[in-house]
Amino acid sequence: MATTLERRNVYSFEGPWAPELRAYALAIGVMRNLPDSDPRSLGYQASVHGVGSPVDPPPDQFRSQCQHNCWYFLPWHRWYLYYFEQIIRSLLPTIKDVPSDVAANWALPYWNYAKSGQNRLPPEFGERSLWDGRDNPLFDGTRAAGVSERTAALDPRVVAPGPGVLGQAFTSPSDQVATFGGTESQWHHFREPSTQTGGLETTPHNAVHGFVSGDMSDFATAGLDPVFWLHHCNIDRYWEVRGHGSDPDQWTVPFFFRDAAGATRQVVSNECVDTVGQLGYRYDDVAPPLPVTATETTRTARIAMSASTPPPDLPPEVVGSRGSVTLAGERVDAPLQVGPVSNQFRTARAGESEPKRVYLTIEGIRGQTDPGISYGVYLGDVADEHLAGVISFFGIQGTADGGHGLGYSFDVTDIVDALRDDAAWDLNDVHVVFEPVGAIYDDPPPNTPVPSVDIGTVNIVFH
């Protein structure tokens with residue numbers, strides 16, 4: 001019977017340079033030295049994720065295949081991690097400095113930045129040299145200032161899924177509805193309109209890519225940074241934290257990978273849901289993250305109450321909208337008005353005009369480059385209890401080359417209910433505030449211009 005591998009938190013290893021990380025560094029060193037035409041090379045593995053512009057046609061069925069902003073985000077990346085892990089495991093027995101027991105039991109570690117004291121890059125990834133003085137293959141010189149030096153830390157608002165995200169429906173056919181896993185779609189790689197980023201991909205996935213920056217900020221180079229694989233391992237772990245009770249059963253689009261021997265493997269999404277039975281690994285910890293603030297605890301409780309009433313199986317409706325918001329590193333207040341629902345909305349709900357759910361959507365986000373910071377989106381004033389979510393911009397380069405704009409949807413039902421209770425919900429004066437969320441520095445660097453991003457529309461949606 002095959003042994004079930006255990007994926008562990010990288011911060012739980014006995015360090016510095018625990019045997020598991022020594023093995024990973026040496027294997028990455030081998031992969032860096034293989035020609036890009038070799039499927040086992042780091043260059044080839046990075047190209048599986050992306051090649052050039054994300055809106056260019058893929059060169060083949062194996063490369064430039066990453067799935068983002070749709071319901072295939074989680075299963076595709078799970079398969080991607082699985083075959084990468086198999087390549088590492090196939091190389092370890094050939095490396096003389098890796099003990100046989102380490103090679104036999106090695107599994108991808110994950111970086112759980114939501115844990116106290118773990119919101120900085122794992123130390124070994126910031127070292128320029130290995131334990132014996134050789135160049136460190138885990139070091140990536142393109143990262144943002146302070147990341148490898150570990151003088152920069154992730155903001156608490158971006159280290160874990162937003163309030164209620166782990167309990168949201170996995171998907172929806174509507175791009176207005178906030179979901180855990182993203183909008184239903186076909187094969188998707190920044191060519192298909194009318195899709196929305198899932199809550200887990202929104203935060204922490206996109207925000208951590210922006211924090212690390214450099215290679216991590218672009219589809220085509222993200223896999224070149226060895227911390228990419230630990231980051232995505234943690235995102236994959238959150239799927240296990242949530243559980244699989246409402247996973248889709250209509251996943252039929254095939255994906256193609258090269259295994260450790262270079263052979264073609266065709267897979268589909270529903271063949272990777274059971275990590276132990278189908279893929280042979282488990283995570284050492286699948287406990288939900290602890291709330292960061294007391295007000296987050298309050299929001300989570302309110303969301304749990306509203307979740308007891310599921311949203312209707314009816315189309316949502318935009319009841320308030322404004323456009324043309326530019327974000328350039330400063331706080332922006334974007335007021336809008338909310339109008340009455342349509343007759344179609346009331347008729348479909350037997351005359352009822354009050355929604356079961358209220359969503360805040362940010363759509364048509366475009367820009368030339370990832371600004372490297374995120375923005376907290378607040379409904380009302382800038383206070384923890386009004387934080388709808390965080391928007392980040394991984395992949396935004398594709399919008400400049402003809403791809404559709406990025407989009408996010410947040411469930412703000414509980415925030416609206418609380419504002420109503422406080423007599424602070426004025427339909428004629430609804431304020432959506434964007435607050436910059438950057439790295440937290442021990443010694444803040446000089447202010448530098450932040451590349452701007454443009455938002456197409458900000459909407460209030462009733463469902």
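Helices (H or I, at least four residues) and strands (E, at least two) are DSSP runs here, numbered from the N terminus.

**Ground rules.** I'm working from a predicted model, where local features need pLDDT of at least 70, side-chain atom pairs count only at pLDDT 80 or more, and totals for chains, interfaces and linings use all residues. Residues are numbered from 1 along each chain as its sequence is written, and side-chain values use heavy atoms, with hydrogens and water left out.

**Cis prolines.** I looked up the bond between glycine 15 and proline 16: it is a cis peptide, omega about 0°. Proline 16 sits in the loop between strand E1 (5-7) and H1. I found another cis bond from threonine 203 to proline 204, with omega near 10°; proline 204 is in helix H6.

**Positive phi.** I checked serine 64, in the loop between H2 and H3, and its phi is near 55°, positive though the residue is not glycine. Serine 64 counts as buried (under 20% relative accessible area; exposed is over 50%, partly exposed in between; 1.4 Å probe, protein chains only), because its relative accessibility is 1%. Alanine 423 also has a positive phi near 55°, but alanine 423 is exposed at 73%. I place alanine 423 in the loop between helix H12 (413-421) and strand E12 (430-437).

**Core.** Next I looked at nonpolar cores (buried Ala, Val, Leu, Ile, Met, Phe, Trp, Tyr and Cys residues joined through side-chain atoms within 4.5 Å). The largest has 88 residues, and those with the most contacts inside it include Tyr24, Trp111 and Phe257. H3 gives the most to this core, twelve residues. Apart from it I noted another core of 36 residues, among them Ile373 and Val453. Tyrosine 24, leaving aside neighbours within four places in sequence, is in contact (heavy atoms within 4.5 Å) with residues including Phe84, Ile88 and Trp229.

**H7.** I see 16 of its 16 residues buried.

**H3 on H7.** I have these two packing at about 130°, axes 10 Å apart; axes are lines fitted to C-alpha atoms, for helices over the stretch in contact, with angles from 0 to 180 degrees between N-to-C directions. That makes H3 oblique to H7, as the angle is not under 35 degrees (roughly parallel), over 145 (roughly antiparallel) or 65 to 115 (roughly perpendicular). Among the contact residues I listed Phe84 of H3 and Trp229 of H7.
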